[in-house]
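Here is a short report on one protein chain. Please keep the sequence and the model in view while reading.

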Amino acid sequence: MTIEDIKKQGEEYLFQNYGRLDVAFESGSGMYLKGVDGKDYLDLVGGIAVCSLGYSHPKWVAAVQDQVGKLVHVSNLYHIKEQAEAAEKIASVTPGNLNKVLFVNSGAEANEAALKLAVRNTGRTRVLSALNSFHGRTAGALGATGQTKYQDSFKPLISDSYDYFKYNDEEALKETICKNTAAVIIEPIQGEGGVQPASDSFLKAVRDICTDNGSVMIVDEVQTGYGRTGRWFGIEHSGVVPDIISMAKAIGGGVPVGAIATTPELSKVLSPGTHGTTFGGNPLVTRAISATIDIMKEEKLVENSASVGASWMQDLKAIDSPEIVDVRGKGLIIGIEMKDKANAFREQCLKDGILVNVCHGNTVRLIPPLIISKEDTKVLTDKLAAFLGC
């Protein structure tokens, strides 16, 4: 099928709720996706921070293929070997004693589970979230998302239990928190909010304020987890250990799966019958998780994210153009804020076989597979410099 055939079929049978770029893919290998037109595209989006191993990693493919031939799904009415193994591997990379894992199917569901756990644990009714945050599109997670553009047309579904504070502002949080605050949910870096990192001092303040007020600290690592920032989890840069971490995206190397990790004590709050999911943690996705973590450790992809990301940031910051407002991020989540040419640059990249993303108006977001090399980053850096006439 050509791209026009795919578009026509999609327009006839699909909801038109996505603003799709004019391209479709048939396969992928390493850092590259192959379009239906036969053209290769250097992927610096990674399925929105999902495909951290790149495409068609042979060890990951072998593990998933093997599992498909054995057992794809069995319900949580029974013990699941692959689920227990994946939970142990997650516990091997989480900070502190966050070694109890609950599996779900997505990032939004992970945040829903975290919020339910916090409310049930404290018996309180208020939740605090940062302005310009993004925590998902299901009703509870949408309430925690501090951007009205996502909320306005769904207000009947959104609880009035949420309050919002200015990100990176300790005093704003202190003024907003109260004795009835069950939880504070925070991203180490606001991805959809324009790649805005929280300062270490702010994250430490969030920890202290939550502790002082008896509130649960939830860190949303759906986008920043699994090596994205140059650590297994973005919160580790600050030395802070939260009460709950939510995760998804890169956790399974491409399959739809999410999870939360918390302490043994806090995990007891969700007793049998209080929360669950039919598909969460099935043998297929949890085998994929185990393979992903093993490969990341074997190939030192967290370390690669740190070193390649730092070098890339330096190269991007060296581009001397008045069009560039700021370059920010950590590891391999990088935002290039531009005055007004971000979308034009994305379009030029697409024509030239490079995939980049634009978020929060005018920020070019780079969230590539963690297998990326310095040679790959130079392709984008040179392209940006040429686009800006530098």
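In which helix is serine 290 found? Serine 290 is found in helix α11, which spans residues 283-298. The model is a predicted one. At 8% relative accessibility, serine 290 falls below the 20% cut-off, so this residue counts as buried. Setting aside residues up to four places away in sequence, serine 290 touches Glu85, Ala86 and Lys89.

Alanine 62 sits in helix α3, residues 58-68. Alanine 62 is partly exposed, with a relative accessible area of 42%. From the C-alpha atom of alanine 62 to that of leucine 266 the separation is 36 Å. Along the chain, these two residues are 204 residues apart.

**Salt bridges**

The structure holds 20 salt bridges.

| Pair | Closest N and O atoms |
|---|---|
| Lysine 34 and aspartate 40 | 2.9 Å |
| Arginine 126 and aspartate 163 | 3.0 Å |
| Aspartate 352 and lysine 383 | 3.0 Å |

Arginine 126 forms a salt bridge with aspartate 163. This pair links distant parts of the chain. Arginine 126 is in strand β5 (residues 126-130), and aspartate 163 is in strand β6 (residues 162-165). The two residues are 37 residues apart. Aspartate 163 has a relative accessible area of 25%, which makes it partly exposed.

Aspartate 352 forms a salt bridge with lysine 383. Aspartate 352 lies in the loop between α13 (342-351) and β15 (354-355), while lysine 383 lies in helix α14 (residues 374-387). The pair therefore ties together parts that are 31 residues apart in sequence. Aspartate 352 is partly exposed at 34% relative accessibility. Lysine 383 is partly exposed at 23%. Elsewhere, salt bridges that share partners join Glu4, Lys7 and Asp22 into one network.

Two packed helices are described by the angle between their axes and the distance between the axes.

How do α13 and α14 pack? Their angle is about 125 degrees, and their axes are 11 Å apart. That makes α13 oblique to α14. The crossing of α13 and α14 is right-handed. On the α13 side, the contact is made by Ala344, Phe345, Gln348 and Cys349. On the α14 side, Leu380, Lys383, Leu384 and Phe387 take part. By class, the contact of α13 with α14 has six nonpolar residues, one polar residue and one charged residue. Lys383 of α14 is one of the contact residues, and lysine 383 also forms the salt bridge with aspartate 352.

Helix α12 (residues 301-317) packs with α14 at an angle of about 20 degrees, with the axes 10 Å apart. Is α12 roughly parallel or oblique to α14? Angles under 35 degrees count as roughly parallel, so α12 is roughly parallel to α14. The crossing of α12 and α14 is right-handed. From α12, the contact uses Val308, Ser311, Trp312, Asp315 and Leu316. From α14, it uses Lys374, Thr377, Leu380, Thr381 and Leu384. By class, this contact of α12 with α14 has five nonpolar, three polar and two charged residues. Leu380 and Leu384 of α14 take part in the contact with α13 and in the contact with α12.

Asparagine 132 is not a glycine, yet its phi is positive, at about 70 degrees. Asparagine 132 is found in the loop between β5 and α6 (139-144). Its relative accessible area is 34%, so asparagine 132 is partly exposed.

Valine 195 is a residue other than glycine with a positive phi, near 55 degrees. Its place is in the loop between β8 (189-190) and β9 (196-197). Is valine 195 buried or exposed? Valine 195 is buried, with a relative accessible area of 0%.

Note on methods: Residues numbered from 1 in each chain as written. Predicted model: local features only at pLDDT ≥ 70, side-chain atom pairs only at ≥ 80, totals over all residues. Heavy atoms only, no water. Salt bridge = Lys/Arg side-chain N within 4 Å of Asp/Glu carboxyl O. Helix = DSSP H or I, 4+ residues; strand = E, 2+ residues; numbered from the N terminus. Buried < 20%, exposed > 50% of the residue type's maximum accessible area, 1.4 Å probe, protein only. Axes fitted to C-alpha atoms, helices over the stretch in contact; angles between N-to-C directions. Parallel < 35°, antiparallel > 145°, perpendicular 65-115°, else oblique. Left-handed = near helix turned anticlockwise from the far one by under 90°. Contact = heavy atoms within 4.5 Å. Nonpolar A, V, L, I, M, F, W, Y, C, P; charged D, E, K, R; others polar.
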